[in-house]
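Good morning, and thank you for the time.

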Amino acid sequence: MSYYGSSSSGGRGGRRVEYGRSYVVRPKGRHLATIVWLHGLGDNGSSWSQLLDSLPLPNIKWICPTAATRPVAAFGGFPCTAWFDVDDTSVDGRDDIEGLDASAAHIANLLSSEPSDVKLGIGGFSMGAAAALHSAACYAYGKFSSGIPYPITLSAVISLSGWLPCSRTLRGKMESSHMAARRALSLPILLCHGRADEVVSYKNGERSTEFLRSSGFSYLAFKSYNGLGHYTIPEEMDDVCRWLSSRLGVDRSR
């Protein structure tokens with residue numbers, strides 16, 4: 001089943017978007033959860049699939065899609081893999097709402113065929129983290145920015161070195177209905193950020209957390225790492241494993 005038009009649609013009457021290959025890491029034990037993991041700007045799903053395959057989380061299936069290749073304003077219009085267009089990797093940047101919604105719909109499509117008894121989550125790094133947080137907002141609000149209903153239930157969202165898109169309108173959306181407020185309150189979110197991040201500044205991680213909390217996302221954890229730049233380290237991935245094990249009730253041993 002496809003939501004929001006199709007997995008290759010850029011939105012209502014918008015540009016066509018052709019997404020790249022998805023890489024799947026099968027669970028090594030009983031399948032209890034599926035997480036879509038989103039790469040950063042200019043990357044692809046393969047690099048993260050190799051890292052995720054090494055994690056001691058045998059009950060999790062990982063789906064690592066590759067973003068569409070599109071012109072990116074931050075690179076002067078040069079095309080590369082990107083979940084949406086971006087000119088500034090911060091909470092103050094211009095929001096490509098059409099691109100964000102199209103990627104959120106593509107992610108929902110990837111999760112829509114998972115078994116009904118499996119918990120669903122979304123995580124990502126950098127721009128992928130921003131897309132994951134946008135999906136979290138769509139889930140809580142109950143619909144995409146376009147007004148089309150959001151079709152799946154999320155149990156966990158992870159942001160590594162990312163930022164919150166559409167931060168200026170989030171609080172109003174969450175306060176617009178009791179159901180949105182309830183979903184925001186109950187959705188576990190983990191944000192991790194390096195204090196030495198030179199691409200998405202640490203301040204953006206802090207401000208994203210503040211925007212989320214003030215909008216009612218109180219089931220939230222923020223972890224910082226001294227000396228960490230715009231990349232991941234074993235300590236951070238260990239924290240991700242512990243958090244997922246606790247929030248999703250999955251094992252941490254093979």
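I shall speak about helix packing, then cysteines, then a loop and a strand. Please keep in mind that this is a predicted model.

Let us begin with helix α3, residues 127-141, and helix α4, residues 167-174. Their axes come within 10 Å and cross at roughly 20 degrees. An angle under 35 degrees counts as roughly parallel, so α3 is roughly parallel to α4. The crossing of α3 past α4 is left-handed. Which residues make this contact? From α3 come Ala-137, Ala-140 and Tyr-141, and from α4 come Leu-170, Lys-173 and Met-174. Sorted by class, the contact of α3 with α4 has 5 nonpolar residues, 1 charged residue and no polar ones.

Helix α3 also meets helix α2, which spans residues 97-111. Here the axes come within 9 Å, and the crossing is at roughly 80 degrees. Angles from 65 to 115 degrees count as roughly perpendicular, and therefore α2 and α3 are described as roughly perpendicular to each other. On the α2 side, the residues are Leu-100, Asp-101, Ala-104 and Ile-107. They meet His-134, Ser-135 and Cys-138 of α3. By class, the contact of α2 with α3 holds 4 nonpolar, 2 polar and 1 charged residues.

I now turn to the cysteines. A disulfide is a covalent bond joining the sulfur atoms of two cysteines. How many disulfides are there in this model? The count comes to 0. Cys-80 is in no disulfide, and the nearest cysteine sulfur, in Cys-64, is 19 Å away. Cys-80 counts as buried, because its relative accessibility is 12% and the cut-off for buried is under 20%. For Cys-166, the closest cysteine sulfur is that of Cys-138, at 8.0 Å. Cys-166 has a relative accessibility of 10% and so counts as buried.

Cys-166 brings us to the backbone. Most residues other than glycine have a negative phi. Cys-166, however, has a positive phi, near 55 degrees, and lies in the loop between β7 and α4. Ser-161 is found in the loop between β7, residues 156-160, and α4, and its phi is likewise positive, near 55 degrees.

Is Ser-161 buried or exposed? At 0% relative accessibility, Ser-161 counts as buried.

Where does His-193 lie? Its place is in strand β8, residues 189-194. With 1% relative accessibility, His-193 counts as buried. Apart from residues up to four places away in sequence, the residues that His-193 touches include Ser-161, Gly-162, Val-200, Tyr-202, Phe-222 and Glu-236.

Notes:
Residues numbered from 1 in each chain as written. Predicted model: local features only at pLDDT ≥ 70, side-chain atom pairs only at ≥ 80, totals over all residues. Heavy atoms only, no water. Axes fitted to C-alpha atoms, helices over the stretch in contact; angles between N-to-C directions. Helix = DSSP H or I, 4+ residues; strand = E, 2+ residues; numbered from the N terminus. Parallel < 35°, antiparallel > 145°, perpendicular 65-115°, else oblique. Left-handed = near helix turned anticlockwise from the far one by under 90°. Contact = heavy atoms within 4.5 Å. Nonpolar A, V, L, I, M, F, W, Y, C, P; charged D, E, K, R; others polar. Disulfide = S-S within 2.5 Å. Buried < 20%, exposed > 50% of the residue type's maximum accessible area, 1.4 Å probe, protein only.
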